Amino acid sequence: MKTTGGTDAQKRRAGESAAEAVSDGDVVGLGTGSTAAHAIRAIGRAVDAGLDVRGIPTSFDARACARDHGIPTVGLDTVCGPDGPGIDIAIDGADQVVLTGEGGDVEEVSGTLIKGGGAAHAREKVVDAAADRLLVVVDPSKVTNELTADVPVEVLPEAHTTAAAAIRDAGGDPTLRRAERKDGPVVTDNGNLVLDCSFDAIADPDRLAGTLSAIPGVLDHGLFVDMADEVHVGGDDGVTVHET
């Protein structure tokens with residue numbers, strides 16, 4: 001489920017900071033969520049001023065935002081095929097990102113994230129992994145020294161009970177994500193369901209990621225291990241950029 005915290009101004013600063021890294025001619029992965037939307041709007045303003053880019057949306061909402069702000073979009077198979085240019089840069093948000101060490105000082109940037117509050121993590125992971133560079137945009141409330149947020153797991157509808165049982169066997173506590181303002185569960189853009197899985201503090205994200213990926217019926221999960229190249233943290237007075 002979506003995490004709360006941070007101000008819109010902080011999110012806007014982070015998104016606009018990452019958007020400045022987009023160059024003329026780039027193919028850009030367009031993430032999902034309120035902070036990534038600020039980056040999409042900033043790229044749209046640059047396109048209006050003459051910037052030549054193509055966007056790869058990661059969700060219905062990202063595609064709509066890109067369209068509304070004049071960013072041309074193309075399909076993943078078009079740019080990542082044998083003769084395609086690939087994805088130069090992706091800009092995406094996160095529900096949690098490990099940045100801080102003991103005492104609150106940034107000692108090491110792991111590049112490991114939890115994503116999926118918007119239930120778009122499967123498509124986001126495909127695009128983010130294919131990009132030459134992944135820039136993560138967050139407000140300070142998403143920064144942590146250990147991953148403790150629920151891990152969203154997208155599952156085939158027919159497999160949600162068996163997958164939930166396997167997740168319990170792995171030490172997790174899965175809850176089927178329920179929709180708001182409609183009866184029934186959340187359904188992803190891929191037509192699947194989402195289990196929000198609590199594991200308390202995640203000491204070994206890489207191991208857990210492998211465990212979740214191996215469960216039959218799981219399409220993908222919200223652990224993005226060592227994927228980020230930069231993390232842009234929007235604050236009250238500016239943006240701090242951490243390189244991994």
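Predicted model: local features only at pLDDT ≥ 70, side-chain atom pairs only at ≥ 80, totals over all residues.

Q: How many salt bridges does a search of the whole structure find?
A: The search turns up nine.

Q: What does Asp92 pair with?
A: Asp92 makes a salt bridge to Lys115, with 3.1 Å between the closest N and O atoms. Asp92 sits in strand 3 and Lys115 in the loop between strand 5 and helix 5, so the contact ties together parts 23 residues apart in sequence.

Q: Asp92 and Lys115, buried or exposed?
A: Asp92 has 0% relative accessibility and therefore counts as buried. Lys115 is buried as well, at 3%.

Q: And which residue does Asp220 meet?
A: Lys125, at 2.9 Å from N to O. Asp220 belongs to strand 11 and Lys125 to helix 5, 95 residues apart. Both Asp220 and Lys125 are buried.

Q: What about Arg177?
A: Its side chain forms a salt bridge with Asp196 at 2.7 Å, N to O. Arg177 is in the loop between strand 9 and strand 10, and Asp196 is in strand 10. Arg177 and Asp196 are buried too.

Q: Which residues are linked in a network?
A: Arg12, Glu16 and Arg45 are, through salt bridges.

Q: Switching topic: what is the order of the strands in the open sheet?
A: The order is 7-4-5-12, four strands with mixed pairing. Strands 7 and 12 are at the edges with a single partner strand each, so one side of each has no neighbour in the sheet.

Q: How do strands 4 and 7 pair, parallel or antiparallel?
A: Parallel, over two bridges. Val97 stands opposite Val143 of strand 7.

Technical notes:
Residues numbered from 1 in each chain as written. Heavy atoms only, no water. Pairing = 2+ DSSP bridges. Salt bridge = Lys/Arg side-chain N within 4 Å of Asp/Glu carboxyl O. Buried < 20%, exposed > 50% of the residue type's maximum accessible area, 1.4 Å probe, protein only.
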